[in-house]
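Me: Please take a close look at the aromatic rings in this structure. Which rings pair up, and where does a charge sit over a ring?

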Amino acid sequence: MLQKIGQLVGVGVVAGVLVAALALPAVGGLGITARNVATGFLNMPSELETPPPPERSVIYDRDGEVIAEIYDQNREVVALDKMAPVMRDAIIAIEDSSFYEHGGIDIAGTFRAAIRTISGNVEGGSSITQQYVKNVLVESADSQAEQEEARETTLGRKVRELRYAIALEQRMSKDEILEGYLNIAYFGDGAYGAESAAQHFFGVSADELTLPQAATLAGTVRYPYLYNPRLNPDAAQHRRDVVLDRMAETGKITKAEAEEAKATELGLDVSSPSNGCMPSKQPFFCDFVVQEIEQNPRYGETETERARWLRTAGLQIHTTLDIDMQNAAQKAVDEWVPRKNKSRKVGAEVLLEPGTGEIRAMAQSRNYGPDETKLGMTSINFTADAHHGGSTGFQAGSTFKPFTLAAALKQGKEFSTSYSTGNTTTITGQRNCQGERLAPWTVSNAGDTKGSSTNNMVSGTKGSVNTYFASLQADVGLCNVIEMAETLGVHRADGTSFDNERTQANNSFTLGSEEVSPLTMATAYATFASRGVYCEPQAIDKIVDEHAGKTIDVKRNCERVISKDVADGVSYLLQQTFKGGTTTGLEIGRPAAAKTGTTDGSASAWFAGYTPNLVGTVFVGDPRGPQNYPLRNVTLGGRYYSVVYGATIPGPIWQQTMTEATDELSAKDFPSPPSKFGSTSGPPPQNDDEEQNADAAANTGEDGVPDVLGMTADEAVRRLEAAGFQPNVSSTQVRSEHPADTVGAVNPEPGTGLPEGATVNVFLSNGGGGGAGGGDDGGDPFGDWGPPGWGGDEPGRGRDD
């Protein structure tokens, strides 16, 4: 300790004299002597914090593969022993050959600076330690003013650097200073630090640098632009040769080695790491992670602080993304709704794990980019809320109906709860959450929905009967349905709550007339899948901040919000949609529950479904405004659709994704329906008049869907087209009593009355025998399901399937 103090005083006295030489020309007229300056120099503040330099942060998927890199400066900090010895020798030879001998100040260089200063040229020869000090001051500046002060060409700045350099030599070893310098120095072309420079210019790590490569990099530090090997190769090569000669002069290499190295070409292999989400293969998930960090107060007091932390702290951000599931979702979305489709429709899908809230995939049929005018490009994440870089949401149609089921079951209503509503019913007496009475609401069914018959929860859910759900909502209470949706985490994508004038006046809440995001719907359905446990959606697993020496483990925010019985009851009802209901033909080979949704006039279409261990939600619509640009008379993926419903495009996207995404997950069964909710059978028998009326509605004779069961695909297509319909042959085969590769089922079923030009989905048989749904409908795979009924996004009107 005494030896270090003595060294400090000795060097300090010499430094004071040098400072006097630098300063006296400017202050000599004031009668200040060299002795006074030297004494004052030693009394100057000398403590300099040396935080890690700004470093790029990396976002990883759940398997540790890189999703994206985010940075202000392209830098990767490495230890000195991870840099080739020739790199260390080269930088010392050209920048500070006496680095290991002096105490922080290059005496000869500073004397030369003094002479130049006396001549009027304010310049100083800086040691590596002094250069390190200057870079630390620049990089740690919190404002533009502090950065300018650290870079200013004044005697005051030089004096401060000298004092800090001397103190730093007493606190840090030479190797520590050299390591810090080689990691903070700018090597040009956007590369900071030796590691990033080696990767950028030569495609190697710093520990793999050859002699000529190291000399090239060392030569750039003095004037990074002038000696930029990519932009100015001749100047860079000349500077490299100067470094090699200097290494020979200092004895680090022989003259022969220098000449051999000088005879080589620069041999550049220039590459730059991607920066930000745009180059990422998972750009929208990347953007969601960035938004989560920048918007969440847990990561900093202000958004500016959080953004800087993300881009400078060298974070290792481990996320929940499953790359296989992501690829499955992206493939399906792109196939059914191509990115550059001329109708400008978009498909978006979210996969979520029940019980944890971990987001497994975020896919949409758009390229990521800022120019919204380019076909197929957007920076908006249509799977997320506006707060996370998403849109203001889309009306979700009948995917809202399960919230009414949950509210009814919570009140103790049984599956047999029945209403005879007819094709049209008028709901009166509804009150909102403020107790205000709402105007009468007339809601209708259409197609072959058997509105004249009596429906209970099973048949009403299976056929998505709007008049049934309107009656159920009135019975349960509109406010109770709204509160149940909120309990399940449902909220408007624009950030407003349901406690607003529009929602509170919305009779048709159960038909999905609120704008929400696919992520919100996936989270709500995940609560059913996890038997009543709501988990906040989570994209980040942990963040490793080596600069701060800590790891932030992101805890799962889960809580029970409804009982197991209520959740299991809803799951049972939604499983029935595959048994002759609206999702028939969209099975995935394992137990699943699902609901379709199509808003008024086919403005947008949805499909939300789940297994006990994975949830998928799909939205298809037009971001320009679904009501103005509906899903009618559109061509997507080479297929023409006169009208699109939830089972037409969103359903196949979900089916294709989930079949692949669940391949490595265990095939779990749902719990049995709780006995407390009574019988799981359909509604009570109709009287003869009701049966005749229903049959008449379903059998439209020549105007209905022709019976093409058992035909080949080509024959069926010709027959359907001749009848005025638009056939859509699905790639999914179903179990059927008909021979393999012949038509095993159609959706809607034969005899259904549809308008001319309507789409009829055709499913080929796999020859497996039995009903297509694998359920209890025997040889009639579609049971009592018909074409889309009326429902949706305006009071009383709204297509739905």
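Reply: Arginine 624 lies over the face of tyrosine 629, 3.8 Å from the ring centre. A charge sits over a ring if NZ of Lys or CZ of Arg is within 6 Å of the ring centre and within 35 degrees of the ring normal. Lysine 174 has its charged end over the ring of phenylalanine 99, at 4.5 Å from the centre.

This is a predicted model: local features need pLDDT of at least 70, side-chain atom pairs count only at pLDDT 80 or more, and totals for chains, interfaces and linings use all residues. Residues are numbered from 1 along each chain as its sequence is written, and side-chain values use heavy atoms, with hydrogens and water left out.

The structure holds 21 aromatic pairs. Rings of Phe, Tyr and Trp (its six-membered ring) pair if their centres lie within 6.5 Å; planes under 30 degrees apart count as stacked, over 60 as edge-to-face and the rest as tilted. Tyrosine 299 and tryptophan 309 are stacked, because their ring centres are 5.8 Å apart and their planes at 15°. Tyrosine 299 and tryptophan 309 are both buried (under 20% relative accessible area, with a 1.4 Å probe and protein chains only).

Phenylalanine 415 and tyrosine 572 form a tilted pair, 5.4 Å centre to centre with 35° between the planes. Both of these residues, phenylalanine 415 and tyrosine 572, are buried.

Ring pairs also link a cluster made of Phe400, Phe403, Phe498, Phe509, Tyr525, Phe528, Tyr610 and Phe670.

Technical notes: Buried means under 20% relative accessible area, exposed over 50%, partly exposed in between (1.4 Å probe, protein chains only).
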